[in-house]
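Open the model in your viewer and keep the selection tool at hand. This tour goes from one selection to the next and says what is there.

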Amino acid sequence: MSKNDFLIIHPEVQQALENNLPIVALESTIISHGMPWPQNAITAKAVEDEVRRYGNVIARIEKKSKKSMKNSVTGENKTL
């Protein structure tokens, strides 16, 4: 069993890993159940914007099922 059986790495994150660029991991709890809508999405976007402003790549950790985790970036949180 390889990490690909459990992990999906977004192309932007993979490129950052390959080029030794800074990555900040953000978890998705704030979006899914940490705050009420729409404040959760507004806050998450503000945090992501601030992290990117300093040249970091965002790897959002999202648990998709018991067997998979996904690193995604801004714009890929529609399935939550």
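A search of this predicted model finds four salt bridges across the whole structure.

**Stop 1: Arg52 and Glu12.** Select both side chains. They meet in a salt bridge, 3.1 Å from N to O. Arg52 belongs to helix α3 and Glu12 to helix α1, so the pair ties together parts that are 40 residues apart in sequence. Colour the two by accessibility next. Arg52 counts as partly exposed because its relative accessibility is 29%. Glu12, at 26%, is also partly exposed.

**Stop 2: Gln15.** Stay in helix α1, which covers residues 11-18, and pick Gln15. Its relative accessibility is 48%, so Gln15 counts as partly exposed; the cut-off for exposed is over 50%.

**Stop 3: helix α3.** Select residues 39-53. How far apart are the end C-alpha atoms of this helix? They are 21 Å apart. That agrees with the 21 Å that 15 residues should span at 1.5 Å a residue. Now show the buried residues of α3: Asn40, Thr43, Ala44, Glu48 and Val51. They cover an arc of only 130° around the axis, so they sit on the same side of α3. Look past the helix to Gly55, which follows α3 and has a positive phi, near 85°.

**Stop 4: Lys45 and Asp49.** Return to α3 and select this pair. Lys45 forms a salt bridge with Asp49, and their closest N and O atoms are 2.7 Å apart. The two are four residues apart in helix α3, so about one helical turn separates them. Lys45 counts as partly exposed because its relative accessibility is 42%. Asp49 is partly exposed too, at 38%.

**Stop 5: Arg60 and Glu48.** Select Arg60, then Glu48. They form a salt bridge whose closest N and O atoms are 2.0 Å apart. Arg60 lies in strand β3 (residues 57-65) and Glu48 in helix α3; the pair links distant parts of the chain, 12 residues apart. Are these two residues buried or exposed? Both Arg60 and Glu48 are buried.

Side chains of opposite charge can pair when their charged atoms come close.

Conventions. Residues numbered from 1 in each chain as written. Predicted model: local features only at pLDDT ≥ 70, side-chain atom pairs only at ≥ 80, totals over all residues. Heavy atoms only, no water. Buried < 20%, exposed > 50% of the residue type's maximum accessible area, 1.4 Å probe, protein only. Expected span 1.5 Å × (residues − 1). Arc of directions from axis to C-beta. Salt bridge = Lys/Arg side-chain N within 4 Å of Asp/Glu carboxyl O.
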